Amino acid sequence: MKSILISTVIIISATFGYVEAQAALNLSVAPMGGGNSLRFGRIVGDEEASQEVRIRITSTDTEQYQIYQRMIDPFTNDRGVTFSRDILMGYTLLGSNASGTLYAQALEPIGPADQLLYSSSPNGDSDSFTVAYMVRGNAVTDSGNFLGRLQYTARPVGGAGQDDVILNVTFEVSDDLKVEIKGSSTANTVRLRLNGDQESAGHVQLSFRENPGRTIRFVQDVQGLPQNASMNEIPSGMILFATSGSASGEMYPGTPTPLSRRAEEIYSSQAAEDTFYVHFFLDETILERQETGVYAGRLNYAVEAGTIQEQTVIDLELTVDPVFALSVDLPPDGLSFERILPDSQPELRDVNVAVRSNLGKPYMVTQSVISPLTNASGDQIPAEYFTVKVVLLEGESGKSGFGDFQPVPIEDHPVFSSDASGTPSRFKVVYRLRPFKEMAPGSYATAVRFSLGEI
């Protein structure tokens, strides 16, 4: 009797053990790329990386079930930086299942809350389906090796118990931000030059790549305006600068702006790569008054991107060549008076003259009248009726050779003298013809030449 009782207990225990070993719902998750984790590899800049996962459900029951997913651990890199932004996106592939209903068929972020992926048929048939995932590089604002964890859950509808599978998700973002800054004259130099009427411009080219979506900023800092060998600094406003070239970043300034000593942010963006330029120009009106020579300064460009900080120094050189030039703006028809009658009103002709000089020495402008004011028949206008005066434009320095109307001399005659420093100047030479009763009607003309010379 005792032997029979022991046998019965053994049989019952074995039966209970068999029931516990048979799961009614079994879930398996396999990345399509192979392996035991979902690996997106290396992501550069704002590119997108995609992978797929095949989910299989084996059901030995006739009870309907559902499949959920959620992010149980956010992405964290090897320095402990965790992203709160939505990095991983996903959706189920239409037609990848045999029965049941797929949900989450539109691309959407995966967060810490349960997200329904699939509901089985009412009979709880076994099935499989595919989920596609994408990592958005433009949402990643740091670099390193990142690890997150996805949890998949198979759960009977209205029943107890569930089956969970956890999948590691990894990707890498390069920490090798590459920045290149170079001058237009040499890699480390921008040279500007004023040579007579020829004005040169220069630029600095700034570019970067492999930025992992973080904000990158470029700051320009002028480490002293250019100076000559005597430590004389150029005046503020002589050199202008402006930015151009980028299609994705915010740049400053967009129009020529005086170069100053203050540090200025000239560019910012979150682009993966970009190239832009800082152009430098010369203000010719200031250069006219600048002492000749070579002026040297330095530009410092600081790059900030997350924890990365880099600096590049570019030499800025300005060469001011000697300038000693005269420009004369004659009336369209020259110095001529058309169809003059004895009773006509006096007529004026203006000649605009400008002198550019940075020699620092006094100078003189001389007028040479080639011939008297004469008509086609050779009749001449007497000197007292053909007169001239010189008017300095407002704010200009120097001395007029004709303070009021005086007869136009035929020989060479000074019309303007500069100050002792040879300051550039502009003035107007005004010629007046006063008709008189005895004159022959007609058109009168002469020719005049202006020359510039040091005193």
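Student: Which residues in the largest nonpolar core touch the most other members?

Tutor: Keep in mind that this is a predicted model. The residues you ask about are I55, Y133, Y152 and F171, in a core of 37 residues. Several strands build this core: β1 (25–31), β2 (37–43), β3 (48–59), β4 (65–77), β8 (115–119), β9 (127–136), β10 (144–156) and β11 (163–173) each give two or more residues to it. The largest share, five residues, comes from β11. Apart from this core lies another one, of 33 residues, including F208, M238, I239 and A305. As a general point, nonpolar side chains in soluble globular proteins tend to be buried together.

Buried residues also turn up in loops. A104 sits in the loop between β6 (101–102) and β7 (108–109). A104 counts as buried because its relative accessibility is 17%, and the cut-off for buried is under 20%. The backbone at A104 deserves a look too: phi is positive, about 50 degrees, although A104 is not a glycine.

With a relative accessibility of 16%, E210 counts as buried.

One more loop has a backbone detail. Between β18 (250–251) and β19 (257–258) lies the loop that holds P253. The peptide bond that joins Y252 and P253 is cis, with omega about -10 degrees.

Terms used:
Residues numbered from 1 in each chain as written. Predicted model: local features only at pLDDT ≥ 70, side-chain atom pairs only at ≥ 80, totals over all residues. Heavy atoms only, no water. Helix = DSSP H or I, 4+ residues; strand = E, 2+ residues; numbered from the N terminus. Buried < 20%, exposed > 50% of the residue type's maximum accessible area, 1.4 Å probe, protein only. Core = buried A, V, L, I, M, F, W, Y, C linked by side-chain atoms within 4.5 Å.
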